[in-house]
Amino acid sequence: MYQAAAATVGAALGYVYSGEAAAVAAWFGSFVAFLNTMLLAWRMRFSATRAAQDPRRELAGLVRSSMERFFMVSLLIAVGLGWMKLMPLPLLAGFALGQLALVVSTIISGIEKQ
């Protein structure tokens, strides 16, 4: 929910300041952040359903998940900048805004649980 709001705000700001091309780039960056969050959530649910394993295997799974997310984000940003020819600054700003929304939502949900 927070990431959707951040994507909307980022695209609207991009549109106001630089036009439609900036709005599309900001939306794409936010979408990359959203996909990153979805992959993280999927991995967390998958690992929660499995029985506890050897700590080395758990650490290896954590590293693997981090690398998968890193490469997915890198590839999608490269596609956005290279193949799609999107504006770099709005794309990266949209991505950063999406990641910031994830951090803020995590903090807020932690506060609400207390």
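The following legends describe close-up views of a predicted model.

**View 1. Helix α1 against helix α2.** Helix α1 covers residues 2-18 and helix α2 covers residues 20-49. Their axes come within 7 Å and cross at roughly 160°, so α1 is roughly antiparallel to α2, angles over 145 degrees being counted that way. The crossing of α1 past α2 is right-handed. On the α1 side, the contact is made by Q3, A6, A7, G10, A11, G14, Y15 and S18. On the α2 side, E20, A22, A23, A26, W27, S30, A33, F34 and T37 take part. By class, the residues of this contact are 10 nonpolar, 6 polar and 1 charged.

**View 2. Helix α2 against helix α3.** The axes of α2 and α3 come within 10 Å, with a crossing angle of roughly 160°. That angle makes α2 roughly antiparallel to α3. Here too the crossing is described by its hand: α2 passes α3 in a right-handed crossing. Helix α2 contributes F28, V32, L35, N36, L39, L40 and R43 to the contact. Helix α3 contributes R64, S65, E68, R69, M72, V73, L76, I77 and G80. The residues of the contact of α2 with α3 divide into 9 nonpolar, 3 polar and 4 charged.

**View 3. Helix α3 along its length.** Helix α3 spans residues 55-83, 29 residues in total. From its first C-alpha to its last it reaches 41 Å, close to the 42 Å expected at 1.5 Å a residue. Buried positions in α3 are S65, R69, V73, I77 and G80. An α-helix has 3.6 residues a turn, so residues three or four places apart point the same way. S65, R69, V73, I77 and G80 of α3 also belong to the contact with α2.

**View 4. N36 in helix α2.** N36 is located in helix α2. Its relative accessibility is 5%, so N36 counts as buried, the cut-off being under 20%. Apart from neighbours within four places in sequence, N36 is in contact with R69, M72, V73 and Q99.

**View 5. R43 in helix α2.** R43 is also placed in helix α2. With a relative accessible area of 15%, R43 is buried. When neighbours within four places in sequence are left aside, the contacts of R43 are R64, S65 and E68. R64, S65 and E68 are on the α3 side of the contact between α2 and α3.

**View 6. S66 of helix α3 and L39.** S66 lies in helix α3. S66 has 36% relative accessibility and therefore counts as partly exposed. S66 and L39 are 27 residues apart along the chain, and their C-alpha atoms are separated by 9.8 Å. L39 is one of the α2 residues in the contact with α3.

**View 7. K85 after helix α3.** K85 follows α3 and sits in the loop between α3 and α4 (88-113). Most residues other than glycine have a negative phi. K85 is not a glycine, yet its phi is positive, about 55°. The relative accessibility of K85 is 67%, so K85 counts as exposed, the cut-off being over 50%.

Terms used. Residues numbered from 1 in each chain as written. Predicted model: local features only at pLDDT ≥ 70, side-chain atom pairs only at ≥ 80, totals over all residues. Heavy atoms only, no water. Axes fitted to C-alpha atoms, helices over the stretch in contact; angles between N-to-C directions. Helix = DSSP H or I, 4+ residues; strand = E, 2+ residues; numbered from the N terminus. Parallel < 35°, antiparallel > 145°, perpendicular 65-115°, else oblique. Left-handed = near helix turned anticlockwise from the far one by under 90°. Contact = heavy atoms within 4.5 Å. Nonpolar A, V, L, I, M, F, W, Y, C, P; charged D, E, K, R; others polar. Expected span 1.5 Å × (residues − 1). Buried < 20%, exposed > 50% of the residue type's maximum accessible area, 1.4 Å probe, protein only.
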